[in-house]
Amino acid sequence: MLLLNHALFAISVFVAHVAAHGVVISFTANGKTYTGEPNPDQPTGAASPIRAVANNGPVVDVSDKNMACGASTKVATMDVPVDAGSVVSVQWTKPWPHQWGPIITYLASCGEPCSKITDPTNLTWFKIDQLGASNTSDTTWVQGTLLFKSQPVQLTIPDKLKPGYYMIRHEIIALHNAMNKGGAEFYPQCIQIEVKGNTGNLVPSSGDMVHFPGEYQANDPGILVDVFTPKSNEPTYNVKKDYQFPGGPIPKLNPDSGDAGSSAAPSASSSSISTTSLRTTSSSSTGVIPSESASQVTATSILSTSTAQTPPTASVSGTCHAKRGSIKRRLESVSHVCDLNGFAG
Ligand SMILES: [Cu+2]
């Protein structure tokens with residue numbers, strides 16, 4: 001009997017791990033909650049602003065077109081109203097099964113209802129939010145303290161943003177295997193909104209716009225990273241101090257200067273970009289900003305053309321990392337089961 005119990009436990013660990021991962025199950029904005037497709041295997045086709053994905057697994061190749069909005073993402077039918085400056089919330093599968101890694105959110109202007117955008121890889125995005133360390137400790141992640149406990153992620157839509165249709169690209173990166181190249185798990189998912197209340201004329205600079213795929217590289221310091229090994233002189237990995245978010249800093253928005261005049265804004269924003277070393281824009285993403293979006297942003301393209309970026313070397317090596325990783329993975333699988341059992345009562 002004991003043996004049988006062990007066998008069943010082993011099977012349940014396996015099943016839980018396969019069934020783990022997750023999707024955005026609901027989105028709340030302006031006091032309304034919209035449901036997505038909580039079970040990609042059995043889509044209901046219900047009206048939603050949340051773009052459904054084909055499965056709940058991660059994207060692992062940073063050059064995969066699914067980096068834009070998730071696995072074989074489908075156009076959603078609704079473009080839902082959201083006030084600029086308001087807090088929206090995103091609920092992932094309960095409980096979210098992973099505990100290490102950031103949660104990053106971008107916006108892109110669709111130029112028309114986002115429900116008309118069939119290929120999100122053409123969109124140009126700007127970052128509006130990034131969450132790393134939890135509020136309670138510099139060594140734990142929001143992903144582990146909030147999502148792992150079935151809580152939603154709360155985000156603020158930029159105050160005084162220029163009105164219009166925007167796609168939200170909301171992304172969890174799970175880093176439990178990220179000590180090996182290609183081990184980071186990306187869970188991007190997109191939500192279609194119309195920013196129409198409390199708006200202003202703020203827009204990102206063209207130099208702050210990024211593409212997916214394109215913006216992330218497999219060896220970015222926030223993607224190829226061992227989050228279980230402390231940096232020197234620290235007892236544990238310090239998320240707040242040690243983690244470098246991929247995709248650059250959150251850019252400052254500036255008044256839309258239109259086509260002419262108003263020279264103040266662009267230079268101010270360019271200085272805030274060029275001084276940061278976090279920016280890892282690659283040659284593949286420094287190319288052309290589609291004219292559609294270029295006309296909406298404030299002049300002065302300052303896309304970095306630097307090709308001299310040195311990839312981090314030496315941060316990952318050998319067997320001790322792999323071993324550590326597999327131990328962690330096993331622990332994580334077990335904790336899935338504990339949690340799932342807990343939720344099943
Ligand atoms: Cu997973």
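Predicted model: local features only at pLDDT ≥ 70, side-chain atom pairs only at ≥ 80, totals over all residues.
In what order do the four strands of the open sheet stand?

Figure 1. The strands follow the order 2-1-4-7, and their pairing is antiparallel. Strand 2 (32-35) and strand 7 are the edge strands; each has a single partner strand, so one side of each has no neighbour in the sheet. From one strand to the next, the twist averages 20°. In general, strands of a sheet pair through backbone hydrogen bonds, either parallel or antiparallel.

Figure 2. Strand 1 (residues 24-29) pairs with strand 4 through four bridges in the antiparallel sense. Within this pairing, F27 is opposite V90 of strand 4, and T28 has S89 of strand 4 as its bridge partner. Strand 4 is also joined to strand 7 (residues 153-156) by four bridges, and these two strands run antiparallel. There, S89 has Q154 of strand 7 as its bridge partner.

Figure 3. The bond from K94 to P95 is cis, with omega near -15°. P95 is placed in the loop between strand 4 (87-92) and strand 5 (103-109). The bond from F212 to P213 is also cis, and its omega is near -5°. P213 belongs to the loop between strand 10 (202-203) and helix 3 (239-242). As background, most peptide bonds are trans.

**Figure 4. Asparagines with positive phi.** Most residues other than glycine have a negative phi. N198, which is not a glycine, has a positive phi of about 60°. N198 sits in the loop between strand 9 (185-197) and strand 10. How many other C-beta atoms lie within 10 Å of N198? The number is 15, so N198 is partly exposed. N233 likewise has a positive phi, near 65°, and is part of the loop between strand 10 and helix 3. Is N233 buried or exposed? N233 counts as exposed because it has 5 C-beta neighbours inside 10 Å, and a residue with 12 or fewer is classed that way.

Figure 5. K240 is found in helix 3. It is exposed, because 11 other C-beta atoms lie within 10 Å and the cut-off for an exposed residue is 12 or fewer. Which residues are in contact with K240, leaving aside its neighbours within four places in sequence? They are G132, A133 and D138. The C-alpha atoms of K240 and A133 are 5.4 Å apart, although the two residues are 107 residues apart in sequence.

**Figure 6. The whole protein, for orientation.** The protein has six helices and 11 strands. Of its 345 residues, 40% are buried. Among contacts between residues at least 6 apart in sequence, 77% join residues at least 24 apart. The pair K240 and A133, 107 residues apart in sequence and in contact, is an example of a contact across the sequence.

Conventions
Residues numbered from 1 in each chain as written. Buried ≥ 20, exposed ≤ 12 C-beta atoms within 10 Å, placed from the backbone. Pairing = 2+ DSSP bridges. Axes fitted to C-alpha atoms, helices over the stretch in contact; angles between N-to-C directions. Contact = placed C-beta atoms within 7 Å.
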